[in-house]
Amino acid sequence: MSGAGDDLGGFALFDLFRMEAETHAVTLDAGLLALEASPTDPARLEGLMRAAHSIKGAARIVGVDPVVRVAHAMEDAFVAAQKGQLRLDATAIDVLLAGTDFLKSVATLDEAAATSYLGGCTDETAALVS
């Protein structure tokens, strides 16, 4: 993870990651719930893919690998759905919502607490990625 001295405009990089994750998690939650009614909506899928991609990038910058992996898996699912290779049924949407909950849970923590929390989430991360 980044050092406490890394900052941008008075915000530590980890705080910027948290804000990015919180913002895009709202998009993920709303979009996933809307997909239940229209699972192939191309505009919705595009927005979801971009939200997951943004979280992945922010997590990569601060070195939060479990978040990178989960967000990347979510992004891949949205891309596959865009290409017609995956149908996001209720079960898939539930898994993606669980991924969003995981991302939100990390975003509520400060850097030290996130490091500790993620150290104990190996099995959960692996399950979400698969």
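This is a predicted model: local features need pLDDT of at least 70, side-chain atom pairs count only at pLDDT 80 or more; totals for chains, interfaces and linings use all residues.

Guide: Start with its partner H1, residues 13-35: the two helices pack at an angle of about 160°, their axes 9 Å apart. Anything over 145 degrees counts as roughly antiparallel, so that is how H1 runs relative to H4. The crossing of H1 past H4 is left-handed. On the H1 side, the contact includes Phe-17, Ala-21, Leu-28 and Leu-32, along with Arg-18, Glu-22 and Asp-29. H4 answers with residues including Ile-93, Leu-96, Leu-97, Leu-103 and Lys-104, plus Thr-100. Sorted by class, that contact has 13 nonpolar, 1 polar and 4 charged residues.

Now for H6. It packs with H4 at about 140°, with the axes 10 Å apart, which makes the pair oblique. This crossing is left-handed too. Here Val-95, Ala-98, Gly-99 and Phe-102 of H4 meet Glu-124, Thr-125 and Leu-128 of H6. The class count for this contact is 4 nonpolar, 2 polar and 1 charged.

As for the space you asked about, the largest pocket has a volume of about 230 Å³. H3 (65-82), H4 (90-107) and H6 (122-129) each supply at least two residues of its lining. There are 13 lining residues, and those nearest the centre are Ala-73, Ala-77, Val-95, Leu-96 and Leu-128. The lining has 11 nonpolar and 2 polar residues, with no charged ones.

Notes: Residues are numbered from 1 along each chain as its sequence is written. Side-chain values use heavy atoms; hydrogens and water are left out. On a 1 Å grid over the protein atoms alone, a cavity is a set of points where a 1.4 Å probe fits but cannot get out, and a pocket is an open set with protein on both sides within 12 Å along at least five of seven lines; lining residues have an atom within 4 Å of a point. Grid points are joined across faces, edges and corners, and a volume is the space filled by probe spheres set on the points. Helices (H or I, at least four residues) and strands (E, at least two) are DSSP runs, numbered from the N terminus. Ala, Val, Leu, Ile, Met, Phe, Trp, Tyr, Cys and Pro count as nonpolar, Asp, Glu, Lys and Arg as charged, and the others, Gly among them, as polar. Axes are lines fitted to C-alpha atoms, for helices over the stretch in contact, and angles run from 0 to 180 degrees between N-to-C directions. Angles under 35 degrees count as roughly parallel, over 145 as roughly antiparallel, 65 to 115 as roughly perpendicular and the rest as oblique. A crossing is left-handed if the near helix is turned anticlockwise from the far one by less than a right angle, and right-handed if clockwise. Contact means heavy atoms within 4.5 Å.
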